[in-house]
Amino acid sequence: MGLTRPPRSPERGVGGGWAPTCGGKPERVLLPSTVPADKRLTTHTIEFPYTRTLGPVYSAFLTGMRDGQILGIKSRDGRVLCPPTEWDPNTGEGLETDFVEVGPGGVVTTWAWVTEPTSKHPVDHPFAFALIKLDGADTALLHAVDAGSMDTMQTGMRVTARWKADRVGHITDVEAFVPEAAK
Amino acid sequence: MSSQAAAVIGIGQTKHKKKRDDVSLPGLVREAAQRALDDAELNWTDIDAVVLGKAPDPFEGVMMPELSMADALGANGKPMMRVHTAGSVGGSTALVATHLVQTGVHDRVLTVAYEKQAEGNAQWGLAGGRSGGMGAGGIFAPWMRTYINKSGAPEDIGWKVAVKDRQNACKNPYAHLHLPDISIEKVKESPMLWDPIHFLESCPSSDGAVAMVLTNEAGAKKAPRKPAWVLGTAMRSELGTFPGRDTVRPQAGVECAHMVFDAAGITNPREQIDIAELYVPFSWYEPMWLEGHDIAGPGEGWRMVEDGSTQITGDFPVNPSGGVLSSNPIGASGMLRFAEAALQVRGEAGEHQVADAHVGLAQAYGGAAQYFAMWVVGSSLDAVGARK
């Protein structure tokens, strides 16, 4: 038994094969010529939402973001790591929850200018991705710097956090860093 | 192949649970690894290399976790590698670590395997990120049905395995499922998932990790606790589909078993092996692997279940830990078999310890029953010889 494809209205405009359920020879049914070629495709998006368990260190860091506070953590050799890590990068030992508030100001240690931001970027006009060593921290955090123009950007420049009003516990609770002078 | 002896001197695992929401993914892996180091009384700096295994990345949606876990596993500045052979990965990961020791490349290797199933959806991941996959049970069910038809096994064999493994799990504090009221009736009346597999004949979905420290003979002699000696290792693979493939008794599984028995000097597995941890995610796989690895003759595997031989008190205990049917953090499930066999021959399995266990077999399989990994461990280098 072959399946006969039901006639389709031109508006549906969806292409694709139609296989017989069992036995029989598939009957080929041609698309009505009234369907324009650019309507014979459809996109089908399936998204699966993954869960992330944060554990004690990232939970504290992101809770801090929500509260308008940037946290680093003390490593075994006394340095302050920001973003904080769960384990000491040198020895692999567990880090006690010895958090230190850092920033909100800091120094740009390197940067790359984004001329044409896409919808996924944190800033909708040209900006820089930069590594920022926050005051009180010994390592640098990757974030956006909204400096207006590339001419303003300089390694060694001072920047400070521009917080969102509605914060949720996410790295984007800081909208971007901005040149300290401009604040 | 091996130029020197290798032994397990540290074993650690997490409590396996439906959802470990108190730890990050690296935190979960770290917990097992720290316990293995503590067991061996070693520090992170004592480890020369780290070998990590897990199932496909889409299971949690963390791509190349071996890179982001380097500091969680104290691997900065050390060799670190990730192994991947689907569901058998925990076993093959342990074997790669073993071979690094046997070949003299490293003195002390940490090997770790994990899955945090609650972070994603394994069925979705198995289907390559699409909905509507048939799932592992859907692939294996017709092969189990074929086994039943060929062997003439009565239908309660699967139910018996399901009950036995859950009763064993009650003796294992790390097992995910603790079902003290399990019964044949309950298994039989649980919903049919994929005929012939009922809900209670199927593995759970778990968050968990396991780790081991492997070392050479010199390292084992310095170890604070009794080592488990690796007496033989084997890995084999085959295509998942080809004309004439025996899906019930894959040739790769047969050859892998013979290779590991030969390596360990085992000529009569039923007599010379004291305990086996086999990868049994669906109840019928216990008799299928007993036959598929030539431990039992054709049609004899289900009789070993029926007459109680595979019970923890039987003459050939299978999965005294409760097995995959009781805990299934997929990437870790294979290594759990390897670690549990090692615990048994060390005499450190606690309440689920099998009396006088000197020779243990561990097996893991993966994909469409197309990857196999096995080891034989012993309480001494001469454990098999002492059996003869």
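L73(B) touches V29(B), A33(B), V50(B), L52(B), L110(B) and V112(B), leaving aside residues up to four places away in sequence; two residues are in contact if their C-beta atoms, placed from the backbone, lie within 7 Å. L73(B) also belongs to the largest nonpolar core, which has 161 residues, and is among the members that touch the most others, together with V145(A), V29(B), V112(B) and V377(B). Such a core is a set of buried Ala, Val, Leu, Ile, Met, Phe, Trp, Tyr and Cys residues joined through C-beta atoms within 7 Å, and a residue is buried if 20 or more other C-beta atoms lie within 10 Å of its own. Helix α14 (residues 330–346) of chain B gives the most to this core, with ten residues.

This is a predicted model, in which local features need pLDDT of at least 70, side-chain atom pairs count only at pLDDT 80 or more, and totals for chains, interfaces and linings use all residues. Residues are numbered from 1 along each chain as its sequence is written, while chains are lettered from A and ligands numbered from 1 in the order in which they are written. The model scores ipTM 0.79 and pTM 0.87.

| Property | Value |
|---|---|
| C-alpha span along principal axes | about 55 × 50 × 45 Å |
| Buried share of the 388 residues | 61% |
| Share of contacts with a separation of 6 or more that join residues 24 or more positions apart | 80% |

Between the chains, 16 residues of chain A are in contact with 22 residues of chain B.

Note on methods
A residue is buried if 20 or more other C-beta atoms lie within 10 Å of its own, exposed if 12 or fewer, and partly exposed in between; C-beta atoms are placed from the backbone. Helices (H or I, at least four residues) and strands (E, at least two) are DSSP runs, numbered from the N terminus.
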